[in-house]
Protein chains: 2
Amino acid sequence: MATSILRSSLRLSSNTRNATVYFRSMSSQRDIDPSRLEFHPIATPKPLPEVSKLKFGHTFTDHMLTIPWAQESGWGVPKIQPYGPLALDPSCTVLHYAQTIFEGMKAYRHDDGRVTLFRPDMNMKRMNTSAKRIALPTFDGTALLELIKQLIRTDKHWIPTAPGHSLYVRPTLIGTQKAIGVGPPNEALLFVILSPVGPYYPDGFKPVSLFGTTEYVRAAPGGTGAYKLGVNYAPGILPQKEAAKQGYAQNLWLHGPEHYLTEVGTMNMFVVFRKENGGLELVTPPLDGMILPGVTRDSVLTLAREHAQGKIALPGLPTGLELTVTERPVKMSEVRDAAKEGRLVELFGSGTAAVISPVDKIGYLGEDILIPTGEDGMGPVSRAVWTELSGRQTGVIESDWSVVIA
Amino acid sequence: MATSILRSSLRLSSNTRNATVYFRSMSSQRDIDPSRLEFHPIATPKPLPEVSKLKFGHTFTDHMLTIPWAQESGWGVPKIQPYGPLALDPSCTVLHYAQTIFEGMKAYRHDDGRVTLFRPDMNMKRMNTSAKRIALPTFDGTALLELIKQLIRTDKHWIPTAPGHSLYVRPTLIGTQKAIGVGPPNEALLFVILSPVGPYYPDGFKPVSLFGTTEYVRAAPGGTGAYKLGVNYAPGILPQKEAAKQGYAQNLWLHGPEHYLTEVGTMNMFVVFRKENGGLELVTPPLDGMILPGVTRDSVLTLAREHAQGKIALPGLPTGLELTVTERPVKMSEVRDAAKEGRLVELFGSGTAAVISPVDKIGYLGEDILIPTGEDGMGPVSRAVWTELSGRQTGVIESDWSVVIA
């Protein structure tokens, strides 16, 4: 039997929100409304998994959140219900034309029992940007976040508390029109599933090797690389297999005849050069339409800039070290030359899954560019940024970025 | 109750086929095997639709074909079963990472009761090429075609016989691994659904207008534009909406700073120029990795070349007219200049849905390039090619391209 939860506590705020939405969209379609939430609890909860055996994205909790959308009426009744198969018409849009977007975020359970999300407003904002790009319906991000919080609270005993563990949260929005014409769908489905995950590097940081990829592209000017769409992922699987055959972990997508660094597909890229005066330059490619605006990318940039401006002190970075933070195009030849001349300090990726991922080697035009890493696998900047960032995520360091939800 | 059909008639050929596959792949995984087909008939057949009210891709027949695949065992038991929802785990690959490919073909029912498919071997070949590109399993195309034929035979009373009507056949292959890591899936599902369709232009040919699109791209060098992947479609919906707002029917995707013509997303493009000597040049952009190798494109090229070589005579083309057939890059400026100088004879698209689609206008850099069309909406070459092509498809003209299946 369905139980309406949240209703009393949220009535006021949801009314206010609906009024705002009405004026904004000038439409009678309903937005996502947490006060309509129905809770259908699982009859027999599943046994909790053995934490040491967790494989990323293979285990899911007892419940999921679903919110249907229809062109005529807008967003329908949100339901927290037992995790289980979706019944999708074989003609529906997502199965033929790849109309799907998603987000990835992590919930952490702390020693004192509190549960937090890391900068979830950024994910809600990006999900709306993605929806618009692929002609899927947009929504009130605050309302969706309220429902995601309720889902996480429902299954919070699934969040592993071991160091480095968390609950991966996967909101997805798909076109479900039951017709095989190409166009904006008249039906869609938003769903959120939860997966308990272990640390990306269970035995300490292990640098990865990248294959500088020029034969295939992930994105192009005028394309969809700056949006978190499903279409940016499946085409990368074959190039990834080919890179793996040659002994590299992932593709580093290089753009144009100049071979500009873009990103890794699941991570943004950062390079640290040593300047002539001994200071360091932290560089990442600019958001030029081909690069995903990563939440971790933004966090790394913000922390490094605040350190450079003297607003905070990143742990372990020598005081007096000059740090410059730049978003600018970087060619592979610049990385190669810096490596040869001893000016390349480190190179690392940033993303929700691994947080920070040091790189020790890039295969480029038949040669291996070797990249320095410290004894712990990290370089000086990535180590400092990771310590601060993971401290904020796990609650060791207090921060506005960590949003308490339970 | 499941009934195994086809078994006795196909045992020999399928054994032979399996043996071949064994040697080819050196693996013990099973390929698609028609002799394993199970038939689960619908309990209550649906009423047949009113033919005059058919909307493209909105109506589906009583049955569908499904064939599961698993990494360890290969292709499983094919089933013809009642058309109905697929139960898909919310974590499955296609919903998150757009791992889907499809094909489109048409079955025609002729006055004498025969049912034919048009060059279906081309679709089977292309579907395997697409599967490989996106890390989905490949298969014996002859075996799949055998099963598709059986599905069409099962629902052949659904094929409308009114002029220009047909049964649209949609094979689709999706990744169904129940895990949200990005990689080759360990499970997949191939399914085929059937949709009775009316003529694309029920009231005679109506030329379409195109918007020369430079802000967005459909494909790029090193991308997936040459494969029939779902990922090539959803990103085009927003640009299509924007073109429609300006009064144009579809996007004509232009590539690079030179604005080379590529294709329309659902159609390949042909241009006819008048040469100085009065002869005609039929031009289409080459298969450079950004253009879908359309079956209709290939058919148009083949027919035009055979006419040019004197092997066949396309109906209605003046004898003695010199026709040159070329696959070469075409810039928009060449089309614009030819239009201004009266050397542009016609411009048309080719695809499975519309077969031939004349174009009367292209919006380009703020001006409209007007393209000649005849009184019936077509130009001399497209009219001749369409007459021959649709004659072969509907059985009016005998041809090897038309494969009798019932």
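Mentor: Chain A has eight helices and 21 strands, where helices (H or I, at least four residues) and strands (E, at least two) are DSSP runs numbered from the N terminus.

Trainee: Why is chain A called as compact as a globular protein of its length?

Mentor: The globule rule is 2.2 Å times the number of residues to the power 0.38, and the radius of gyration is taken over C-alpha atoms. For 406 residues the rule gives 22 Å, and the radius of gyration of chain A is 22 Å, so chain A is as compact as a globular protein of that length.

Trainee: What kind of model is this, and how are residues numbered?

Mentor: This is a predicted model, in which local features need pLDDT of at least 70, side-chain atom pairs count only at pLDDT 80 or more, and totals for chains, interfaces and linings use all residues. Residues are numbered from 1 along each chain as its sequence is written, chains are lettered from A and ligands numbered from 1 in the order in which they are written, and side-chain values use heavy atoms, with hydrogens and water left out.

Trainee: What makes Asn232(B) buried or exposed?

Mentor: Buried means under 20% relative accessible area, exposed over 50%, and partly exposed in between (1.4 Å probe, protein chains only). Asn232(B) has a relative accessible area of 9%, so Asn232(B) is buried. Its place is in the loop between β12 (208-213) and α5 (237-245) of chain B.

Trainee: How much of chain A is buried?

Mentor: Buried residues make up 57% of its 406 residues.
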